[in-house]
Each structure stands twice: as structure tokens, then as C-alpha cells.
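Work through these exercises with the sequence and the model open. Try each task before reading its solution.

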Amino acid sequence: QIKRSLLTVGAILSLFLIAKPLNVAADDSNTTIEVADYKTDTNTDMEAVNDALSVAKEQAKEAAATGNSTQIIVHLAAGNYYMKDNEGIVLPSGVSLSCDVGTNIYAADSAKVDLITGTDISNSSIYGGTFYWASNDKDKVKYGVKLTNATNVNISGVTIDGNNKLTAAVKIDSSSNINLSNNTFTKADQAGIMACNDGLITLTGNTVSDISQRGLKFNDCTDIELGQDNIVTHNGLFGIACYSSTIKMSDNNNLVSENYRHGILLDHSIGTLSHVSIYHNGYNDGYQGASHGVCLTNGSSLTMDQCTVMYNGHNGISLSGGKSQICSAVIRNSTISNNGMGNYQGRQVYTEDGCGHGICVSKASTAEISNCNICNNTVCGISVSNKGNAVIHDNTISQNGRHGIGLSMAAVIEAYQNTIEYNHYNGILLSYGSYGNIYDNHSISYNGTVGNDIGGIGISVSSSSAANINRNFISYNIHTGVVVVGGSEWSEYVNALDS
């Protein structure tokens, strides 16, 4: 019994010896510093935050020097906090700023600096909090969060409302391994997220909306990855704009919608899109210029798989290259439909003649299009022009406003194993010096509209064009199965013709 009592006393003493101070969380790997402990009658809200962060910075340095893996957390309790003059929050290395639900930080009228800055930092985080830019000062470039030369930084559960005056909600410069998740960025001027000269940046579950210009803007970024559940919507120019960058969107439920010009712009960039929904982009009242779901220019390349591109103002997907900067795309297993509709929710779109294609390949660009459903677009399902070149196979191309596939101005296609039916003009039109190798198509049928004298031809070869037409099933088109006019040539091998 005496032995048992001694053990009990020893256990109690041991508990006292290892007991943590009040500012240490229950998790052995975390140390929590309360901002409230640094608030006095004489200092401001942001002075208290930065005083707590300064203490955290020294503790993080000590932990790093001794190889201690303790995470230093600065905790900001729910409430309203105000930032004045030059009182921005400075985030140090190895420190997390954690804000409760209901934590609101306001940049007041006198604020002149970025809300949060992190320069030459690593292994830091920002969790939670709602940040409002209430200042009326729009003359200077300012950001909600600005990271420079940062690595291994997480931003999660943060809301930044820029009041249409903040330059960007988040600016990332010369940084890598930056993770943004479950944030809401809205009403900034130039971009929701602006990144340049960066390595890996990952985005998951973010909503970026109502930005005056670009929702997401990337310049010279080598590895942008969008995971699932990102929403980029209702931004003034482009939803996502990539300049000399590489972007990958590869998980479910990414939505790019209702942006006033292009949904996604690839300018001298590389894009990989999978399971992305691209809807209703390009509806800006009175804007007289191209507005596409996805726009490639200046030598960009695209790989698209299992995406949905619908109801965009002009073309669903547009490739526009040039002599030295040819764009290319591989598009498969996707639905491209109802593009070029001309209006959405009462907003009108300026419709250029010839726009409204599901996919447009022009200016020497190249594309392979396979296993897609391309239907109900205002003009052509697929348009290839200006020396564009496309391989088109295993698609259903139907009910488009003009031709299923339209070629002009020395375009070249290889088309096989497609079903091309119920297009309002022709199944396939070759014009102005174009060439088509058209073979083994399952059906080129039921094209044309009763009472419409234009089209109604399965394959129309005109204006000095040429075609090799072999082993196709061509039937029940309104007027004629195959028509060759205007000095064009065609080679007929074994085609089932029944019109």
C-alpha cells in the first residue's frame, strides 16, 4: 500500500513537471499565442497582431535552430479589427495566423499598405478570417495577401473582399509550393489571384468572382494545378488567363462560367483540362470582339478530356495561331454544344460573322478531335480555316446551325468513323482550296433543312477544293449525297450513297 501511494504521488508530480503553460495547445506539436494577450489600451488592433507575430517569429526561429517541429500559431479570436495607415500584418516564417469564424479585419480609409505580406518566408499559413478593403485609396498598387520569395505556404478558409479597389486579392511572386484552398476572393480590380515567376501553385475549392478584370492571372508560372471544386465566375475580362505558363485542371467539379470575355485564355501557354465545365462565357453587353469558352493564341497547346463546353458567346474552343506560333490541341471525350447563342439572361453578345462554332481551328493551327459530342452550335460543329489542319474521328457531330464540319481557305482534314447527321446546311463543306481525306464514316446523313435551299448535301466540294471520299455511308440528305462544283476534284471509291 505504501508502494502504491508513492507511485501515485510520483505520477502527480510528473503531471506538474510536464504541464504546459496556458498558451500551449493540447497538441504537443503546436504552440498557440493569443493576440488578445497583446492588446492594450494604447496600441492598435494591428499592433497587437504584429506584436504577437513578432513573439511567434522568435519562437519559430528557436524551434528551427534546435530541430524542433513545433508549429507556432498566432490565434485571432472572433471580432472586428481595424487596420490604419501603414499597419499591415507581416507574416514570418514557420508561423500560422489562425482566425476564428467571425473574425473580420477592415482596412480603414487611411490604410495604405497590403493587408498581409510574407517575404522570404517558408512553412507559414493563414487560416480563416474575412478581410475587407474599405479604403478609398485606389492610387497605389495594393494586395490582400502578398507573397514574395515564399515556399510551403498555405492559405485556407480566407475571404477577401477588395471593394473594387484592391489591385488583387492575392499576389504571388517568385514563390513555390503555395497552396490555396477553400477561399473566397471577390471584387478586386486586376485579379483575384495574380501570380508571376512561380513554381508549383495548387488551388482547391476556391471561389473567385466579380473581379473587374481577370479572375486568375498567371505570368511565367511553370506549374499551376487546380484540383477539384474551384469556381471562377462573373469576372470582367477572363475567368483564367495564362501567359507563358503551364496550367493543369484535372479533378472534378471545376467551373469556369459567366466571365465577360473568354472563360480560359492560353497565350503562349500549355493547358491540360479534365472534368472542367466551361459555361456561358462571353456575354458582355456591347463588347465587339471575340469571346470564347477556351481561347488559344500565340503558340499555345491544349489537352482536353471529359470536359463540357457549352453556351459560350462565340466559339466553344478557338485555336488561332500564325506562321511562327502555331497552336495545337487534343480534344477528346468532351461535349461541345450550344455555343454562339448570342444572348444570356438578357445580356446580348456581339456576334461576328462566322463565329458560333463548337471548335474553330484557324491560322495554321492543328487539332485532333475524338470521341466528342459536338452539337447544336450556332454555325459549324467544327470549323477549319486559314491553313488549319485537323484529324477528326469517332465523334457525333449533329444539329449544328450550318455545317457539321466546314473547311475554307486551304484547310486540311482527315475525318473517319464519325456520325455527322441533322446539321442544318451540309454534313461536310470543303471550300476555297481545302482538302479532305474522308473515309470510313459511320453516317453522313439527314443533313439539310426542308424548305432551305442552302446546303442539304452530305459532302459538298467546291471552290477549287479536293477530297478523297472512301467507304462512307451517305444517306437521306435533303438534296444530294455528294456535290463537286467549281473546278474541284474528288476521288470516289466505295461509298454507300442513298439520298
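**Exercise 1. State what share of the residues in the protein chain is buried, then describe the fold and surface.**

Solution. 
- The model is predicted.
- Take burial first. The protein chain has 499 residues, and 53% of them are buried.
- Next, list the secondary structure. The chain holds 2 helices and 53 strands.
- Now turn to contacts. Count those between residues at least 6 apart in sequence: 63% of them join residues at least 24 apart.
- Finish with the surface. The chain exposes about 20500 Å², and 48% of that comes from carbon and sulfur atoms.

**Exercise 2. Describe the second largest pocket: its space, its lining and the classes of its lining residues.**

Solution. 
- Start with volume. The second largest pocket holds about 160 Å³ of space.
- Locate the lining. Among its residues are Ala60, Ala63 and Ala64, then Asn68, Ser69 and Thr70. Gln71, Ile72, Ser93, Gly94, Ser122 and Asn123 also line this pocket.
- Assign elements. α2 (45-65), β2 (71-76) and β8 (122-127) each provide at least two lining residues. The top contributor is α2, with 3 residues.
- Sort by class. The lining has 4 nonpolar residues, 8 polar residues and no charged ones.

**Exercise 3. Find how Tyr106 and Tyr132 are arranged, and which parts of the chain they tie together.**

Solution. 
- Count the aromatic pairs. The structure has 5.
- Read the geometry of one of them. The rings of Tyr106 and Tyr132 lie 4.9 Å apart, centre to centre, with 10° between their planes. Planes under 30 degrees apart count as stacked, so this pair is stacked.
- Place the residues. Tyr106 sits in strand β6 (residues 103-107) and Tyr132 in strand β9 (residues 130-133), so the pair ties together parts 26 residues apart in sequence.
- Check accessibility. Tyr106 has 24% relative accessibility, so Tyr106 counts as partly exposed. Tyr132, at 28%, is also partly exposed.
- Ring pairs join Tyr82, Tyr106 and Tyr132 into a cluster.

Definitions and conventions
Residues are numbered from 1 along each chain as its sequence is written. This is a predicted model: local features need pLDDT of at least 70, side-chain atom pairs count only at pLDDT 80 or more; totals for chains, interfaces and linings use all residues. Side-chain values use heavy atoms; hydrogens and water are left out. Helices (H or I, at least four residues) and strands (E, at least two) are DSSP runs, numbered from the N terminus. Buried means under 20% relative accessible area, exposed over 50%, partly exposed in between (1.4 Å probe, protein chains only). Contact means heavy atoms within 4.5 Å. Accessible areas come from the Shrake-Rupley method with a 1.4 Å probe; for residues, only the protein chains shown count as cover. On a 1 Å grid over the protein atoms alone, a cavity is a set of points where a 1.4 Å probe fits but cannot get out, and a pocket is an open set with protein on both sides within 12 Å along at least five of seven lines; lining residues have an atom within 4 Å of a point. Grid points are joined across faces, edges and corners, and a volume is the space filled by probe spheres set on the points. Ala, Val, Leu, Ile, Met, Phe, Trp, Tyr, Cys and Pro count as nonpolar, Asp, Glu, Lys and Arg as charged, and the others, Gly among them, as polar. Rings of Phe, Tyr and Trp (its six-membered ring) pair if their centres lie within 6.5 Å; planes under 30 degrees apart count as stacked, over 60 as edge-to-face and the rest as tilted.
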